Amino acid sequence: MGEITLVTDFFDIGRGQDKNEELRRTASKYFDEFKRWARIQNRLIVYTDSKSAETIKAIRAEYGLADKTIIMATDNLFELEGNLLSRMEKASKNRDFLNFRYLQEASSNNPKYDYLWMMKYYFMNDAYEKGLLTEDVVWMDFGFDHGGITYCDEKDYDFLWNYDFGGKIHISCLHDPDSVIGMQSLQFQDDCVMGCMYGLPRELVPEFWHLVRNAMEALLMLDCVDDDQQLVLMAYKARPELFTVHVTGWQMIMKEMGATHMKLQKKELPKQENKFKKFLRQTYRKIIPNRNDLKRNYAKRSYEAAVRVYGK
């Protein structure tokens, strides 16, 4: 068991202007989130644009880790996989695809977002091909843990991480990935695989990349696109014997892959809704349907599609 190499990336694709205010994340916010875990003592490979490179170097240098940081700057992100982005853009604009999806405004319908999230696996493979990886590898999202959702003490990241992945690709899921069919996940966009972190032995990095890339090609054959949560779910279903699945909570895979010292945030118990108010709310919805009711809108779109195919 040797030292883990961490791989991450940061490219500003405009999430600070996301239509959904709850999903907006500026470059500044990402840097703040990165600064929280950047004190980790492992070798870190960062794929980013040349504009962001110096900021990332400076953050690692604050912790005395400049010599354990490799910056791979590229300004042609969307050209690295040929015409893939244009094919994804075509699929994402298809009205039938958007009507098929339960959440029409979700980030996973944004082709640039989906392309970038797929490139996590490309970048790990690029680092593999350049001989930059140690025996064990972890992908860690640049904004991992979103500033402390799961782990309460940022100083806990000040350690050298080692773990034996046992020849498997370690993924985390909110529920058993075999409990739903992949098409249901694609249609309803429900969370199963968590894309924030993966751990694996170096020799499986190329296989992981090819499984994910092939999954995107399969989606495009169906005139669909999606982010890497769906792609990794498909990769798992294609070669389940390659994977170790952690059915757990968000970000918990880090603690389950050897970082056992990480302290957790205390979870507040959910407040119980007043039974009378709940009854009134449910009655009101039945009498006066909410125009923003996702289930009703989705059912309406599905009905209209059925009419178009089969007639009234």
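Contact here means heavy atoms within 4.5 Å. The views below all come from a predicted model.

**View 1. Helix H3 against helix H7.**
On the H3 side, the residues that touch are Leu84, Arg87, Met88 and Ala91, and they meet Arg213, Met216, Glu217 and Leu220 of H7. Sorted by class, that set comes out as five nonpolar, no polar and three charged residues. As for the geometry, the axes of H3 and H7 (residues 205-221) come within 10 Å and cross at roughly 40°. The two helices are therefore oblique to each other. The handedness of this crossing is left-handed.

Is Lys93 buried or exposed? Its relative accessibility is 66%, so Lys93 counts as exposed, because the cut-off for exposed is over 50%.

**View 2. Helix H5 against helix H8.**
Here the axes of H5 (residues 111-129) and H8 (residues 228-238) come within 8 Å, crossing at roughly 50°. That makes H5 and H8 oblique to each other. H5 brings Trp117, Met118, Lys120 and Tyr121 to the contact, while H8 brings Asp228, Leu231 and Val232. The class tally for the contact of H5 with H8 is five nonpolar, no polar and two charged residues.

**View 3. Cysteines without a bond.**
A disulfide is a covalent bond between the sulfur atoms of two cysteines. How many disulfides does a search of the whole structure find? The count is zero. Take Cys173: the nearest cysteine sulfur belongs to Cys192 and is 4.2 Å away, and Cys173 is in no disulfide. The cut-off for calling a pair of cysteine sulfur atoms a disulfide is within 2.5 Å. With a relative accessibility of 0%, Cys173 counts as buried. Cys196 is in no disulfide either, and the nearest cysteine sulfur to it, that of Cys173, is 11 Å away. Why does Cys196 count as buried? Because its relative accessible area is 7%, and buried means under 20%.

Key: Residues are numbered from 1 along each chain as its sequence is written. This is a predicted model: local features need pLDDT of at least 70, side-chain atom pairs count only at pLDDT 80 or more; totals for chains, interfaces and linings use all residues. Side-chain values use heavy atoms; hydrogens and water are left out. Buried means under 20% relative accessible area, exposed over 50%, partly exposed in between (1.4 Å probe, protein chains only). Axes are lines fitted to C-alpha atoms, for helices over the stretch in contact, and angles run from 0 to 180 degrees between N-to-C directions. Helices (H or I, at least four residues) and strands (E, at least two) are DSSP runs, numbered from the N terminus. Angles under 35 degrees count as roughly parallel, over 145 as roughly antiparallel, 65 to 115 as roughly perpendicular and the rest as oblique. A crossing is left-handed if the near helix is turned anticlockwise from the far one by less than a right angle, and right-handed if clockwise. Ala, Val, Leu, Ile, Met, Phe, Trp, Tyr, Cys and Pro count as nonpolar, Asp, Glu, Lys and Arg as charged, and the others, Gly among them, as polar.
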